[in-house]
Amino acid sequence: AEAAAEAEAEAEVERKKGGEAYRARHFEKALDHYTTALFLQPHVAVHWSNRSAVHFECGEMHACVEDCEETLRLLGAAAAAAGEGGLIVTSTGASKLDELHSKVLARQSNARAKLEQ
């Protein structure tokens, strides 16, 4: 349990550093931080979503679509767990999950459209 808590804390630091780099448009650094967060917590959808955004900004549409697909798979698993009572999601949490789902679907659609050009 202690190792999991440590990994979660480290992943959160990496996610925040990734966000700072992303906002500064230092996409290579952001990609490194988000990938490290994924290594520490591969089951967290937001890490996949964040990395997909970097891939999109860098024109790496195949990688963007793949990360979007994993995000959507994880969000679907979270929704199923919530539906079975295995996961408690507050209305605020559910709203954030819905927002993330919508963002990822739009990003995936845009990336696929660019691949078809």
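User: Let's start with one residue. Where is arginine 25 found?

Analyst: Arginine 25 sits in the loop between α1 and α2. Before going on, note that this is a predicted model: local features need pLDDT of at least 70, side-chain atom pairs count only at pLDDT 80 or more, and totals for chains, interfaces and linings use all residues. Residues are numbered from 1 along each chain as its sequence is written, and side-chain values use heavy atoms, with hydrogens and water left out. Helices (H or I, at least four residues) and strands (E, at least two) are DSSP runs, numbered from the N terminus.

User: What should I look at in the backbone of arginine 25, and is the residue buried or exposed?

Analyst: Start with the general idea: most residues other than glycine have a negative phi, and most peptide bonds are trans. Arginine 25 has a phi near 65°, a positive value in a residue other than glycine. Its relative accessibility is 54%, so arginine 25 counts as exposed. The cut-offs are under 20% relative accessible area for buried, over 50% for exposed, and partly exposed in between (1.4 Å probe, protein chains only). For another positive phi, look after α3, where glycine 59 has a value near 80°.

User: Now zoom out. How many helices and strands does the protein have?

Analyst: The count is five helices and zero strands, and the pattern along the sequence reads α-α-α-α-α. Of the 117 residues in the protein, 32% are buried. For contacts (heavy atoms within 4.5 Å), take those with a separation of 6 or more: 58% of them join residues 24 or more positions apart.

User: How do I check the length of α1, and what should its 22 residues span?

Analyst: The expected span of a helix is 1.5 Å times one less than its number of residues. For α1 (residues 2–23) that gives 32 Å, and the end C-alpha atoms are 32 Å apart, which agrees. The buried residues of α1 are Ala7, Ala11, Glu14, Gly18, Gly19 and Ala21. They cover an arc of only 155° around the axis, which puts them on the same side of α1; the arc is taken over the directions from the helix axis to the C-beta atoms. On the face turned away from that buried side you'll find the exposed residues Glu2, Glu20 and Arg23. What covers the buried residues of α1 includes α2 (27–40) and α3 (45–57).

User: Why do the buried residues of α2 line one face of the helix?

Analyst: The general idea first: an α-helix has 3.6 residues a turn, so residues three or four places apart point the same way. In α2, Phe27, Ala30, His33, Tyr34, Ala37 and Leu38 are buried. Seen down the axis of α2, these fall within an arc of 140°, so they line one face of the helix. The face turned away from the buried side of α2 carries Glu28, Lys29 and Phe39, which are exposed.

User: And how many of the 13 residues of α3 are buried?

Analyst: The number is 10 of the 13, so α3 is largely enclosed by the rest of the structure. Among them are Trp48, Asn50, Arg51 and Val54.

User: At what angle do α1 and α3 pack?

Analyst: Two packed helices are described by the angle between their axes and the distance between the axes. Axes are lines fitted to C-alpha atoms, for helices over the stretch in contact, and angles run from 0 to 180 degrees between N-to-C directions. α1 and α3 pack at about 25°, with their axes 11 Å apart. That makes α1 roughly parallel to α3 (under 35 degrees counts as roughly parallel, over 145 as roughly antiparallel, 65 to 115 as roughly perpendicular and the rest as oblique).

User: Are α2 and α3 roughly parallel or roughly antiparallel?

Analyst: The axes of α2 and α3 cross at roughly 155° and come within 9 Å, and the two helices are therefore roughly antiparallel to each other. The contact includes Phe27, Tyr34 and Leu38 of α2 and Trp48, Arg51 and His55 of α3.
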